[in-house]
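Visitor: Could you walk me through the aromatic pairs up close? I'd like the geometry and the cut-offs spelled out.

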Amino acid sequence: MKFTATQIAGILEGEVEGNPQIAVHKLSKIEEGEKGSLTFLANPKYTSYIYSTKASITIVNKDFIPEQSLSTTLIKVDDAYKSFSKLLEYYNQVKNNKVGIESPTFISENANYGEGFYLGAFSYLGDNVKIGKNVKVYPNVYIGDNVTIGNDVMIFAGAKIYSESIIGNNCTIHSGVIIGADGFGFTPNANGEYSKVPQTGNVILEDNVDVGAGTTIDRATLGSTILRRGVKLDNQIQIAHNVEIGEHTAIAAQTGIAGSTKIGKNCLIGGQVGIVGHITIGDRVKIQAQSGIGRNVKDDEVLQGSPALNYGDFNKSYVHFKNLPKLVNQISNIAKKVEGEQN
């Protein structure tokens, strides 16, 4: 795909300074720009690169005034960073705007889908699958029986969506995601062996949910595992059965959440956090990376550590922890001195 400076300026509502017909077909960093690429300048510390970049087009702020001659064509906008982000979004929409059904695929006779549908090769649609408009399903995707998927959903290669799952509008599901696998439900018997507890619930993703690559979301034992509107999950996260995550909560990679835990709205959870089951975490909670959460958490708490403490208390305690060898020596010296005086 090629775009001219005039076309890009039209998308961004910007002004061209230079060759309006010069075309680009890829994106680059300003310091790595080459002929045929588009870049941007937003951070002043990179200004020197605009005079040496080989990028064909550079997006800059309207107040940028060059102090040397330029070989790159400029597109001047109100905010170069936001405009470049807008262009990235537009580029992805164009790049991912595939339609049609590749071969081979399997589509159940009673599955149905809306206009603008794309189904990649070696994908499977089960019985009673219902898919909305402008949904893109990339190769090697499995969609089980009775799954419902809304409009404008992107499902990347290799994802697996088990039966009964419900996916809302404008969701993105990346490669290797598994939605709706059995929850970890087993009960010991008299012989010390484990018998499986049937997992009969489902998973619900509301609108605008993003699920990162390799993440797993288990179906509920009864009822639903629910990710509310706007939830954002990083790669390689484990969400157990009957978990509920509130609106616009974001969770970083390698976090694990045990069964039946409820997490509130607008929470920020760092990487490698472990959260036990059957607890409630309030709204707007912030949990630092590698923390272990084993209790209920009130609204607006900021936590760190394992087991997690109040963030301020953790930092104060850590100061003493770092000084433990020194404190031990001081106590030993005091003990020796007292012992000497007693003798």
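Guide: Here's a look at the ring pairs, one after another. Bear in mind that this is a predicted model, where local features need pLDDT of at least 70, side-chain atom pairs count only at pLDDT 80 or more, and totals for chains, interfaces and linings use all residues. Residues are numbered from 1 along each chain as its sequence is written, and side-chain values use heavy atoms, with hydrogens and water left out.

The structure holds ten aromatic pairs (rings of Phe, Tyr and Trp, the last by its six-membered ring, with centres within 6.5 Å; planes under 30 degrees apart are stacked, over 60 edge-to-face, the rest tilted). One of them joins Phe-3 and Tyr-90: the centres sit 6.2 Å apart and the planes meet at 70 degrees, so it's edge-to-face. Phe-3 belongs to strand E1 (residues 3-4) and Tyr-90 to helix H2 (residues 80-95), so this pair ties together parts 87 residues apart in sequence. (Helices, H or I, have at least four residues and strands, E, at least two; both are DSSP runs numbered from the N terminus.) Tyr-90 is partly exposed, at 32% relative accessible area (buried is under 20%, exposed over 50%, partly exposed in between, with a 1.4 Å probe and protein chains only).

Next come Tyr-118 and Tyr-138, an edge-to-face pair with 5.3 Å centre to centre and 70 degrees between the planes. Tyr-118 is in strand E11 (residues 118-119), while Tyr-138 is in the loop between strand E14 (136-137) and strand E15 (142-143), so parts 20 residues apart in sequence get tied together. Tyr-118 is buried at 3% relative accessibility, and Tyr-138 is buried at 11%.

Finally, ring pairs link Phe-40, Tyr-81 and Phe-84 into a cluster.
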